[in-house]
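The stops below are given in the order in which to select them.

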Amino acid sequence: MKVLVACEFSGTVRDAFIARGHDAMSCDLLPTEKPGPHHQGSVLDILDQGWDLMIAHPPCTYLTASGLHWNKRRPGRAAQTEEAVAFVMALANAPIPRIAIENPIGCLSTRWRKPDQIIQPHQFGHDASKATCLWLVGLPTLQPTLMVPPRMVNGRPRWGNQTDSGQNRLPPSKDRWALRSITYQGIANAMADQWGA
């Protein structure tokens with residue numbers, strides 16, 4: 001199967017498909033962090049190259065619910081959200097028979113459509129919480145592979161990447177966005193196993 005992993009610089013999803021015998025390539029404006037097939041540039045330039053499957057991870061900065069409040073506070077920010085939505089729509093309308101678009105909870109649910117599924121890393125073997133929406137075209141929903149139970153704090157579930165109050169443990173840094181954007185290996189493996197079959 002010819003697989004395009006759009007907006008991925010880590011190589012995590014790409015390499016999961018390659019390990020299962022697929023012809024997979026990642027694409028991002030950034031160089032890949034791991035050696036492997038990678039197109040550095042705009043994914044819009046290569047959407048028509050006969051892909052069987054695309055898994056897209058469009059940047060969430062201007063789409064995620066946690067950042068939308070800035071649209072009324074910073075000039076030009078709302079226009080960046082419009083550009084981000086238009087980019088997602090270009091991916092969703094690509095001439096590819098099977099498409100998965102992932103993003104956190106945000107404005108795509110109201111600006112486009114509700115996601116087909118919301119997954120968590122703790123459903124795929126990771127002691128972590130990170131609600132991730134999946135919009136699917138021609139694909140089944142991902143089935144959980146290994147549930148990791150939470151620790152309970154005052155009756156509320158918490159996972160290893162969360163403080164007791166539920167905040168992410170990653171401190172502010174220049175590369176926090178990059179660390180938060182990498183797909184968990186268990187999710188990448190499930191994508192390759194279930195969508196690559």
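The tour goes from a ring pair to charges over rings and then to a helix.

This is a predicted model, in which local features need pLDDT of at least 70 and side-chain atom pairs count only at pLDDT 80 or more, while totals for chains, interfaces and linings use all residues. Residues are numbered from 1 along each chain as its sequence is written, and side-chain values use heavy atoms, with hydrogens and water left out.

Select tryptophan 112 and tryptophan 135. Rings of Phe, Tyr and Trp (its six-membered ring) pair if their centres lie within 6.5 Å; planes under 30 degrees apart count as stacked, over 60 as edge-to-face and the rest as tilted. The count by this rule is one aromatic pair. Its members, tryptophan 112 and tryptophan 135, have ring centres 5.8 Å apart and planes at 25°, so they are stacked. Tryptophan 112 is in the loop between α3 (108-111) and β6 (117-119) and tryptophan 135 in strand β7 (residues 132-137), so the pair ties together parts 23 residues apart in sequence. Helices (H or I, at least four residues) and strands (E, at least two) are DSSP runs, numbered from the N terminus.

Buried means under 20% relative accessible area, exposed over 50%, and partly exposed in between (1.4 Å probe, protein chains only). Tryptophan 112, at 24%, is partly exposed; tryptophan 135, at 1%, is buried.

The rule asks for NZ of Lys or CZ of Arg within 6 Å of the ring centre and within 35 degrees of the ring normal. Next, select lysine 2, which lies over the face of tryptophan 51, 4.8 Å from the ring centre.

Finish at helix α1 (residues 12-19), where Thr12, Val13, Arg14, Ala16 and Phe17 are buried. Just after α1, glycine 21 has a positive phi of about 90°.
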